[in-house]
Amino acid sequence: MSDLSPSVRYAQSLVRCPSVTPAEAGALSFLQGELERLGFACERLVFSDADIPDIDNLFARIGTEGPHLCFAGHTDVVPVGDEAAWSHPPFGAEIVDGVMYGRGSADMKGSVACFLAAAERVVEAQGAGALPGSISFLITGDEEAIAINGTVKVLQWMAENGHTPDHCLVGEPTCPQTVGEEIKIGRRGSLTADLELAGKQGHVAYQHFACNPVPAMAAALAALTGAPLDNGTNHFPPSNLEVTTVDVGNPAENIIPARVTATFNVRFNDLHTLDSLAEVLRRRVEEAIAPFMADDKFSAKLTVWP
């Protein structure tokens, strides 16, 4: 018998599933098996959309009456990057000096493991048929990427099938140091955008035949990051924009690239909506690249999604 608590053991099992979006990699299957053992009725919900991968989601519920408490979260994780740079295997869930190492241990397989351990404790103490209400799990595999086939579609399915919760606890990590020291009643919004600037490829020795889009991208990114979006509110910090990728796809050092793309993400507060923030970003980009638009070889495209 392990001397680890159930929540830690469950977290290890989940972290050891390499569930980088969109791969389920056994994480939802493990959770489903444990919940079914406790008497939960489980539904695997696979959602699709054009030009993006299908995504597995899990909804599980025990009890049919109110009050209905829903645990909400995700089991997908971001890529590990350079695995050789990790001090411990990213999917090993090794515990060293009281710390678990592994992708998703904080965001947010640790929380999902705590959901499971809490539900197990209540069900085993009360009995599956004696719960004073209902407990459900809304667990998606599509939170860390585009998030089109995840929580929103599961919520729609829940509403259509009579599973609207009275209360919901989201397990995103919010505590700086100690579990339970900070509980939030709201979350910032998230906006992701792709900016693509196209020019004309050419040799660096004959630049007058080409149109280099990189200087325009540099100006656009400087405009996007150079001034604050706001100063924050009473309940939220200032909105923050981070550039996450810049790429020209150019393998040669003597060729002016035909196009350059950049991706950035904004975590925004309640001073903005998706539409109002997108308008601010479009205006900054348009003003920054206006001097370049006189060249008829140049074009720009900004794509925004939540």
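Axes here are lines fitted to C-alpha atoms, for helices over the stretch in contact, and angles run from 0 to 180 degrees between N-to-C directions. Helices (H or I, at least four residues) and strands (E, at least two) are DSSP runs, numbered from the N terminus. This is a predicted model, in which local features need pLDDT of at least 70 and side-chain atom pairs count only at pLDDT 80 or more, while totals for chains, interfaces and linings use all residues. Residues are numbered from 1 along each chain as its sequence is written, and side-chain values use heavy atoms, with hydrogens and water left out.

The protein has six helices and 13 strands. Its C-alpha trace spans about 80 × 40 × 35 Å along the principal axes. Of its 306 residues, 39% count as buried; buried means under 20% relative accessible area, exposed over 50%, and partly exposed in between (1.4 Å probe, protein chains only). Contact means heavy atoms within 4.5 Å. Among contacts between residues at least 6 apart in sequence, 71% join residues at least 24 apart.

One place to begin is the pair of helices α1 and α2. Two packed helices are described by the angle between their axes and the distance between the axes. The axes of α1 and α2 come within 8 Å and cross at roughly 145 degrees. On the α1 side the contact is made by Tyr-10, Ser-13 and Leu-14, and on the α2 side by Ala-27, Phe-30, Glu-34 and Arg-37. By class, four of these residues are nonpolar, one is polar and two are charged. In this count Ala, Val, Leu, Ile, Met, Phe, Trp, Tyr, Cys and Pro are nonpolar, Asp, Glu, Lys and Arg are charged, and the others, Gly among them, are polar.

Next come the sheets. Strands of a sheet pair through backbone hydrogen bonds, either parallel or antiparallel. Two strands count as paired if DSSP finds at least two bridges between them. Five strands form an open sheet in the order β1-β2-β6-β3-β7, with mixed pairing. β1 and β7 (167–170) stand at the edges with a single partner strand each, so one side of each is left without a neighbour in the sheet. From one strand to the next the twist averages 20 degrees. β3 and β6 run parallel and are joined by seven bridges; Cys-70 stands opposite Ser-136 in β6. Helix α3 packs on this sheet, touching β2, β3, β6 and β7, and its direction makes about 160 degrees with that of β6. Helix α4 (residues 151–160) also packs on the sheet, where it touches β1, β2, β3 and β6 and makes about 125 degrees with the direction of β1.

A nonpolar core is a set of buried Ala, Val, Leu, Ile, Met, Phe, Trp, Tyr and Cys residues joined through side-chain atoms within 4.5 Å. The largest such core has 30 residues, of which Leu-31, Leu-35, Phe-40, Leu-58, Ile-135, Phe-137 and Ile-139 touch the most other members. At least two residues each come from α1 (6–15), α2 (27–38), β2 (52–62), α3 (109–126) and β6 (134–140). α3 gives the most, with seven residues. Leu-35 touches Phe-40, Cys-42, Leu-58, Ala-60, Leu-116 and Phe-137, not counting residues up to four places away in sequence. Apart from this core lies another, of 24 residues, among them Leu-224, Ala-262, Ala-278 and Val-285.

A further open sheet has four strands in the order β10-β12-β8-β13, with antiparallel pairing. Its edges are β10 (240–247) and β13 (299–305), each with a single partner strand, so one side of each is left without a neighbour in the sheet. Seven bridges join β10 to the antiparallel strand β12 (residues 259–268), and Asn-240 has Arg-267 of β12 as its bridge partner. Helix α5 (residues 214–226) lies across β8 (189–198), β10 and β12, running at about 5 degrees to β12. Helix α6 (residues 274–289) packs on the sheet and touches β8, β10, β12 and β13, with its direction at about 25 degrees to that of β8.

Some backbone details lie in loops. A cis peptide bond, with omega about 0 degrees, joins Gly-66 and Pro-67, and Pro-67 is found in the loop between β2 and β3 (68–74). The peptide bond from Asp-107 to Met-108 is cis as well, with omega near -10 degrees; Met-108 lies in the loop between β5 (99–101) and α3. Asp-51, in the loop between β1 (41–49) and β2, has a positive phi near 65 degrees and counts as exposed at 84% relative accessibility.
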